[in-house]
Amino acid sequence: MLLYMSQPQEATPTPLHSVSVAGVVVREDGRLLGIRRADNGTWELPGGILELNETPEAGVAREVWEETGIHVEVDQLTGVYKNTTRGIVALVFRCKPSGGTERTSSESTAVSWLTPDEVSERMAEVYAVRLLDALDGNGPHVRSHDGKQLITAG
């Protein structure tokens, strides 16, 4: 009789990631919707964690509305961004405003329509690039960052 005994393997932790969605909301005049986050005061695009039972498109529409009061039509995926430090994969979609009125929420202390130059001035590069990528028409882009700077492939 042959007995198979497996050798104990060193436990390898399973990587845990969360999936978030964000909306690059572009008005007809080219201005972009941005929020100042309530938790850390930084400027970013509206978005958040995708819920288990929703599609990415429904999630981005929900998050934009919850944080800004703006309803959107979701156009297309413009980028996939991974924060390698926090294990967050963000799906970013270009959207058009379709109604609502700007307002803050428990997650945002300011909501503003920004020019591309204002985006670059107010947002950290790892977040500004998401909005600017959505404008270039060459997406979807795939990028990684460590929370502070972009990581270049190589």
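**Entry 1: a hairpin**

I began with β2 and strand β3 (residues 43–44), which pair in the antiparallel sense over two bridges. The model I am reading is predicted. β2 and β3 form a hairpin, and five residues lie between them. I checked the turn and found Gly-41 there, with a positive phi of about 75°. Across the pair, Arg-36 stands opposite Trp-43 in β3.

Next I looked at Trp-43 from its ring side. The charged end of Arg-122 sits over that ring, 4.8 Å from its centre.

**Entry 2: another partner for β2**

I then followed β2 to strand β7 (residues 108–114). Six bridges join β2 and β7, and the two run antiparallel.

**Entry 3: the six-stranded sheet**

In what order do the strands of the open sheet run? I read β4-β1-β6-β5-β8-β9, six strands with mixed pairing. The edge strands are β4 and β9 (150–151), since each pairs on one side only.

β1 and β4 are antiparallel and share three bridges. Ala-22 has Gly-47 in β4 as its bridge partner.

**Entry 4: the largest pocket**

I asked how much space lies in the largest pocket. The value is about 520 Å³. Its lining has 25 residues, and the closest to the pocket centre are Arg-37, Glu-44, Gly-47, Gly-48 and Arg-86. Gly-47 was already in my notes as the partner of Ala-22.

Which elements supply at least two lining residues each? I listed β1 (18–25), β2 (32–37), β4 (47–49), β5 (70–83), β6 (88–100) and α3 (125–136). I also sorted the lining by class: eleven residues are nonpolar, seven are polar and seven are charged.

**Entry 5: rings**

How many aromatic pairs does a search of the whole structure find? The count is zero. Charges over rings do turn up. Besides Arg-122 over Trp-43, I noted Arg-103, whose charged end sits over the ring of Trp-65, 4.9 Å from its centre.

**Entry 6: the record**

Last, I turned to UniProt. Its unreviewed entry places the feature "domain: Nudix hydrolase" at residues 15–136. I checked the model over that stretch. The chain there is 26% helix and 43% strand. The end C-alpha atoms of residues 15–136 are 32 Å apart.

Key. Residues are numbered from 1 along each chain as its sequence is written. This is a predicted model: local features need pLDDT of at least 70, side-chain atom pairs count only at pLDDT 80 or more; totals for chains, interfaces and linings use all residues. Side-chain values use heavy atoms; hydrogens and water are left out. On a 1 Å grid over the protein atoms alone, a cavity is a set of points where a 1.4 Å probe fits but cannot get out, and a pocket is an open set with protein on both sides within 12 Å along at least five of seven lines; lining residues have an atom within 4 Å of a point. Grid points are joined across faces, edges and corners, and a volume is the space filled by probe spheres set on the points. Helices (H or I, at least four residues) and strands (E, at least two) are DSSP runs, numbered from the N terminus. Ala, Val, Leu, Ile, Met, Phe, Trp, Tyr, Cys and Pro count as nonpolar, Asp, Glu, Lys and Arg as charged, and the others, Gly among them, as polar. Rings of Phe, Tyr and Trp (its six-membered ring) pair if their centres lie within 6.5 Å; planes under 30 degrees apart count as stacked, over 60 as edge-to-face and the rest as tilted. A charge sits over a ring if NZ of Lys or CZ of Arg is within 6 Å of the ring centre and within 35 degrees of the ring normal. UniProt positions are given in the numbering used here, feature names are shortened, and annotations may be inferred rather than shown by experiment. Two strands pair if DSSP finds at least two bridges between them.
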